[in-house]
Amino acid sequence: MMRFVVLGLALVLVAASCQGKKEETLVTAVQPPPPSADAAIPLIPEKQAAPTNAAGLIALGNDQMDAHNYAQAITAYQEALKLEPGNVDVRVDLGTCYRGIGKPEDAIKEYKKAIAINPRHPNAWRNSGVVLSSDLHRDAEAAAAFKTYLEVYPDAPDKADIQAQIAGLAAR
């Protein structure tokens, strides 16, 4: 990919230098070949070492989670947690990734670990409520998690929605 950028810059420079000359020069841009449908997207770009510090692993996990590559994100987050086992945000993100690969029970385990470290972490409570209600259909536990979420985050922007979910869970 870098060689295409360099080649493109060279072509721009050639075109710029030819503008002052009387003769016309035709410069065509070289387009990279289209990606193959079979080409795998590597987790770590070639010639780049996998991060070995917590911040790098967390950044890699975040990038993979944003790309919905949950299995790869899980691996990165697990490695980060070996270095920072008390990182609540990583535990919550790890739980979200477990949900993303269809393992809601593992998601709940991670949320519980996060809550044990920081009982006032709003996303741990909110995400617990979502997984408990939507995936595991444990309505009473979900309602309790949502209520705790609103207690620790009384000005939550989704407060009305969460209150409606609590009411809906009570009606089921």
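Is E79 buried, partly exposed or exposed, and what is its relative accessible area?

Analyst: In this model, which is a predicted one, E79 is partly exposed, with a relative accessible area of 34%, a value that lies between the 20% under which a residue is buried and the 50% over which it is exposed. The partner of E79 in a salt bridge is K82, and the closest N and O atoms of the two are 2.9 Å apart. K82 is itself exposed, its relative accessible area being 60%. Both residues belong to helix α3 (residues 70-83), where they are three residues apart and therefore separated by about one helical turn.

The search of the whole structure finds nine salt bridges, and another of them is formed by the side chains of R91 and E110, at 2.9 Å from N to O. Here R91 lies in helix α4 (residues 88-100) while E110 lies in helix α5 (residues 104-117), so this pair ties together parts that are 19 residues apart in sequence. R91 and E110 are both buried, and for E110 the relative accessibility is 7%.

E110 also meets the side chain of K113 in a salt bridge, at 3.4 Å from N to O. K113 counts as partly exposed, at 41% relative accessibility, and because K113 and E110 are three residues apart in helix α5, about one helical turn separates them. Through salt bridges that share partners, R91, E110 and K113 are joined into one network.

Methods
Residues numbered from 1 in each chain as written. Predicted model: local features only at pLDDT ≥ 70, side-chain atom pairs only at ≥ 80, totals over all residues. Heavy atoms only, no water. Salt bridge = Lys/Arg side-chain N within 4 Å of Asp/Glu carboxyl O. Helix = DSSP H or I, 4+ residues; strand = E, 2+ residues; numbered from the N terminus. Buried < 20%, exposed > 50% of the residue type's maximum accessible area, 1.4 Å probe, protein only.
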